[in-house]
Amino acid sequence: SVPRAVRLLCPASMAFTSSTVFVAHHSAEVGRARVARVAADRCHRLPHEKFFPDSGLHGAMYPALALAAAAAPLVMRRARHTTRTPTLRASSKTIRGLTSRSALAAWEQLTQDAESTEFGRQLVDSQNKRNEGMLPHTDAKVRYFGDSREKPRITIFRDQAAWCPYCQKVWLMLEEKQVDYAVVKVPMRSYGDKPQSFLSKVPRGLLPAMEIDGRLMTESLDIMVTIERTFPNPDKPMIPPNGPLMEKAEQLLGLERKLFGAWCSYMFRPEVPFLGGSEGEFTSVLQEVDDALAENTESSFFLPYQWPTLVDMQYVSHVERCVASAMYYKGYDIRNKFPNINRWLAAYESLPHYMATKSDYYTHCMDIPPQYGACFSNDSDLASRARMEIDPATLRVPAPLGSELEPLTAEQRDVPEENYRIEAAWAVTQNHKSVVSFCSRAAGSDVGSWARANPTKCQYADPYANPNVEMVPFVDSILRVVTTSLLAGDPQLARDVRTRVEAELGTPPAGWGKAGDCVAYLRDRIGSPRDMSMPAAKLFRSYLNEAVVALKE
């Protein structure tokens, strides 16, 4: 368990310069001595709960689920679910000169390459605004909506990785009401040890928790009601007044619990008569939800307001997880089957503060099992294809960004693919030391000890794993190749990674296969929104996998 996201706050520093290239006549002893020196300089042991200091690609994540019949060719019914050519509009321009470089660029140069682009400058500007509390983001430590910069009355304790659905509800309430708040991030129980400073306040360790005017409380619904009552806005109520609308809201909240129960039965029980796992029950309740949304003709939300209310917030975090898990495990396309639910989700996706909290399908499908239990999958054509398109171990360039199975939002479709590649590359450059050290855990000690024989803990969280110091310079070199490949938009650079790294450093002491394991360790732990947006995450995973395949050949 660790902090998150796309802008890592570690100062960037050079890893290797182009002059530090090994040549063939260097002795093995000279090579090993240099590798040891670089490793000692580059490998910084991090606290168990950290991957990127304060922000950046997290270390703790997801179990990599086995693909059903992954080794066999899949004969799939394409029907409506064809993989389209990505609908992203054409890239504005490429970053010139990267492909032709004979030596690997240092991190300082890669940072400059990213930030010299128009979108790179936007990333830097957004980071500065986020640090000032002016933008919603998983890394934001404080959020301001007006001119005051006084200490907020509210402090929210939420999970570090932005995976907790109940934390998401509270987060959305604060953003919708525009109430200033401070953030303290705490690991979820499945992903790491909670700090004593938090347990002294909340002995049971429950998340979310809120401290308001010195008073502490837990339970997301109680917190949301308290926020509404403490900061009322008659012109924009989150809870309707007593009367027919309040009765409607209470009915809808009851339906949300019914949907949650049907989802749990469908997802976490085998599809056996009388034991649960019924698609029919899940479909029936979803139809009730779709019909309830259709009844409101004044807006896209559940109640006749032009903004989401507490009712919508109760629904959206779990519906988001229903959509992802139903597609990945069952091949069940909620958004295609239920037009009013799709319209409601699209309305939410037009809100920047919601998109700051929204995960991608892979993130959800890997963070759900440790929290709720193992999911039961089926081998339908659509489910098998969904897993092939979502699982990082099967992604190649070009990534399936245009797929209907995990659709882009309307705004995302208008963004050049180049921007998402720059986003991913820049994320790595901002905290490369920690990223490299983290990857090197795969060749180190105590890998997997955190979750061994305990299904309630995420097997990929690995807070107790230690990096292999000897592998650090090799992993550093590999990631510089992948980052260059992303910036250039040239996957062949990632496919040639072995040749390029060997020219600089020789052969890794643990072998090329283990180097591939180190890159796969990162590939399978890229989360959204914690580390970057969904399109950037999918592109990054695909480029990393190109390197993994090449290293393991």
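Helices are DSSP runs of at least four residues, numbered from the N terminus. In the predicted model examined here, helix H18 spans residues 472–488 and contains both aspartate 476 and arginine 480, which lie four residues apart, about one turn of the helix. An α-helix has 3.6 residues a turn, so residues three or four places apart point the same way. The side chains of aspartate 476 and arginine 480 meet in a salt bridge, with an N to O distance of 2.8 Å. Aspartate 476 counts as buried because its relative accessibility is 0%, under the 20% cut-off. Arginine 480 is likewise buried, with a relative accessible area of 0%.

Salt bridges that share partners also join Arg335, Glu349 and Lys358 into one network. Glutamate 349 and lysine 358 are both buried. The structure holds 25 salt bridges in total.

A further salt bridge is formed between arginine 541 and aspartate 360, with the closest N and O atoms 2.8 Å apart. This pair links distant parts of the chain, the two residues being 181 residues apart. Arginine 541 lies in helix H22, whereas aspartate 360 is placed in the loop between helix H12 (352–355) and helix H13 (361–372). With a relative accessibility of 1%, arginine 541 counts as buried. Aspartate 360 is also buried, its relative accessible area being 1%.

Helix H22 covers residues 534–552 and includes valine 548. Valine 548 counts as buried because its relative accessibility is 5%, which is under 20%. When neighbours within four places in sequence are left aside, the contacts of valine 548 are Gly516, Val519, Ala520 and Arg523. For one of these residues, alanine 520, the C-alpha atom is separated from that of valine 548 by 6.2 Å, although the two residues are 28 residues apart along the chain.

In helix H20 (residues 497–505), the buried residues include Val497, Val501, Glu504 and Leu505. These four residues lie on the same side of H20, because they cover an arc of only 75° around the axis. Just after H20, glycine 506 adopts a positive phi of about 90°.

Strand E3 (residues 181–186) pairs with two other strands, E1 and E2. Strand E1, comprising residues 142–143, pairs with E3 in the antiparallel sense over two bridges. Arginine 143 has tyrosine 181 of E3 as its bridge partner. Strand E2, comprising residues 154–159, pairs with E3 in the parallel sense over six bridges. Here valine 186 in E3 is the bridge partner of aspartate 159. Strand E3 is mostly covered, with five of its six residues buried.

Key. Residues numbered from 1 in each chain as written. Predicted model: local features only at pLDDT ≥ 70, side-chain atom pairs only at ≥ 80, totals over all residues. Heavy atoms only, no water. Buried < 20%, exposed > 50% of the residue type's maximum accessible area, 1.4 Å probe, protein only. Arc of directions from axis to C-beta. Pairing = 2+ DSSP bridges. Contact = heavy atoms within 4.5 Å. Salt bridge = Lys/Arg side-chain N within 4 Å of Asp/Glu carboxyl O.
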